Amino acid sequence: MLRLLAGIFILFGSIGFSFQLCQEMHKRLQHIEQMQEIFRLFQSEVSYSKAAFPEVCLAVSGRVMEPYKTVMKEIYEQVAAKSGAQFPEIWKEKMEECLRDMPVKEAERNIFLEFGNRIGFIDWETQAGMLEKSRVQLEELHIQLKSVIENKEKVITSVGILGGLMLVVILI
Amino acid sequence: MWTGMNRGKSILQLFPDTYRGLFKEVIAQAEKLNEIRLRAGQPVIIILKGGEYFLTGSGALTKSEEMAEKIGQSDLETILNHICNYSIYAYEDEIRQGFLTVQGGHRIGVAGQAIMRTEGEIKNMKYISFLNIRISHQILGAADSVLPFLYENKKLCNTLLISMPGVGKTTLLRDIVRQVSNGNRFAKGMTVGVVDERSEIAGCYKGAAQNDLGIRTDVLDACPKALGMMMLLRSMAPKVIAVDEIGGGDDEKMIRQVTRCGVGVIATIHGSGMDDLKSSCMGKNLLGEKIFERYIVLERTEPEKVKKTIYNKEFVKCFVC
């Protein structure tokens with residue numbers, strides 16, 4: 001009876017681990033989608049309302065999900081406090097803090113944090129173009145990751161189940 | 001609205017924290033500060049109480065050019081980017097006009113290489129290498145001495161302020177507007193419409209007046225005067241319209257139209273005096289038609305002293321202070 005129970009636990013554990021891996025990949029995909037959406041919203045605010053970035057952050061904060069919603073608002077508030085810190089520094093600091101425990105990888109993190117170095121252009125067309133460039137980079141990453149997930153998801157799940165069964169056979 | 005420490009703080013906030021140490025001492029004297037001039041590769045020049053000083057590396061003021069701190073192109077770009085929150089594109093219209101107004105009503109003059117449209121209009125500016133931070137100073141009570149002469153039987157007279165640049169006609173106009181709007185011992189407060197084409201009277205930042213123009217004042221910011229006067233007349237029902245620096249072709253026509261509607265006008269114009277005004281085409285017409293009932297001529301007699309001479313509509317001198 002005890003052996004049977006242990007076997008069930010091992011099997012569920014390995015299946016759970018494989019699902020967890022798949023889940024993390026999906027979450028990463030969701031974050032990339034959110035980042036893309038932020039750049040898309042930024043682009044439309046810059047192009048149509050010609051608003052400055054702090055105001056853009058505030059406007060966008062109402063249209064994105066957490067944790068970006070809160071961070072965007074915090075960025076606006078810190079800029080409005082006029083402490084002397086510059087917008088790119090504030091962006092980098094706040095976003096680094098926000099993404100620290102998120103299931104995102106170096107590639108998308110860098111694109112998102114680099115945004116601060118891609119602003120300060122005199123005309124809005126160039127500025128909107130730079131935002132588009134960042135968005136396209138994320139889009140490429142999104143396409144890549146999506147195909148990876150499609151391929152790997154079944155393999156990971158199968159390996160999880162079979163690996164669990166194998167462990168059960170070996171250990172019990 | 002913006003006085004003492006507040007004014008200093010609003011100027012200090014224009015600089016990123018890395019530059020605040022350099023300008024801190026100068027900004028502490030915000031009440032006397034007129035301008036901070038930044039030119040790429042040139043010494044920082046401070047205009048304090050009308051006098052010109054250089055800024056040393058430690059932030060002190062000096063008359064010696066050798067000790068002056070020079071500012072580079074990248075410093076200038078950083079400061080401008082900080083002022084615009086790294087969103088210069090959002091200030092495209094203002095930069096095209098050559099200045100932008102910031103919180104506190106201060107004006108940042110910008111110059112560099114103009115990008116032209118084919119029609120001969122300025123599209124934008126690039127290589128911005130010159131910044132002139134002009135500090136806004138509202139002097140409450142500046143109009144106290146002239147106010148008694150601007151009313152006749154409790155009715156405000158159409159008034160024209162005449163002076164050369166930098167003598168203080170906008171400061172005087174601003175205080176007249178404030179006192180007319182709030183009401184004073186000569187008449188009750190009345191609705192004043194201000195067409196602030198160059199954002200100098202109200203110093204609007206994001207549509208909000210940074211200077212105190214009174215409780216019954218409506219401001220149309222960054223709008224051409226002639227167009228703005230007509231808009232205010234139609235939409236805000238003002239009793240008085242105030243405009244700065246008239247002189248454009250349509251201004252004269254609009255002033256005539258406004259006064260015909262029974263609305264008072266307070267305006268300023270460039271000129272050294274009545275004779276100078278009479279010699280200009282617009283001045284000749286306005287004087288001939290006796291549209292204005294009071295003329296205030298401002299002249300700088302000493303570095304910090306301005307003589308105000310008031311004339312009535314018959315061009316008779318009625319007061320000097």
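Which residues of helix α7 (residues 249-260) of chain B are buried? I looked this up and found Asp251(B), Glu252(B), Met254(B), Ile255(B) and Val258(B), where buried means under 20% relative accessible area, exposed over 50% and partly exposed in between, with a 1.4 Å probe and protein chains only.

Conventions, for my own record. The model is predicted, so that local features need pLDDT of at least 70 and side-chain atom pairs count only at pLDDT 80 or more, while totals for chains, interfaces and linings use all residues. Residues are numbered from 1 along each chain as its sequence is written, chains are lettered from A and ligands numbered from 1 in the order in which they are written, and side-chain values use heavy atoms, with hydrogens and water left out. Helices (H or I, at least four residues) and strands (E, at least two) are DSSP runs numbered from the N terminus.

Entry on α7(B). I noted that its buried residues pack against α6 (225-235), β15 (240-243), β16 (264-270) and α9 (281-289) of chain B, contact meaning heavy atoms within 4.5 Å. Gly262(B), which follows the helix, has a positive phi near 85°.

Entry on the sheet of chain B. I traced 8 strands forming an open sheet of mixed pairing, in the order β14-β13-β15-β16-β12-β17-β18-β19; two strands pair if DSSP finds at least two bridges between them. β14 (217-221) and β19 (317-320) stand at the edges with a single partner strand each, so one side of each has no neighbour in the sheet. Further in, β12 (residues 159-163) and β17(B) pair in the parallel sense over 4 bridges, and Ile162(B) stands opposite Val297(B) of β17(B).

Entry on Arg294(B). This residue is found in β17 (residues 294-302) of chain B, and I list it as buried because its relative accessibility is 8%. I followed its side chain to the backbone oxygen of Phe149(B) at 2.6 Å, and to a polar contact of 2.8 Å with the side chain of Glu152(B). A polar contact is a pair of N or O atoms within 3.5 Å; within protein, one must be able to donate a hydrogen and the other to accept it, and residues adjacent in sequence count only if both atoms are side-chain atoms.

Entry on chain A. The largest nonpolar core has 41 residues, and Phe42(A), Trp91(A) and Phe115(A) are among those with the most contacts inside it; such a core is a set of buried Ala, Val, Leu, Ile, Met, Phe, Trp, Tyr and Cys residues joined through side-chain atoms within 4.5 Å. Its largest share, 10 residues, comes from α1(A).
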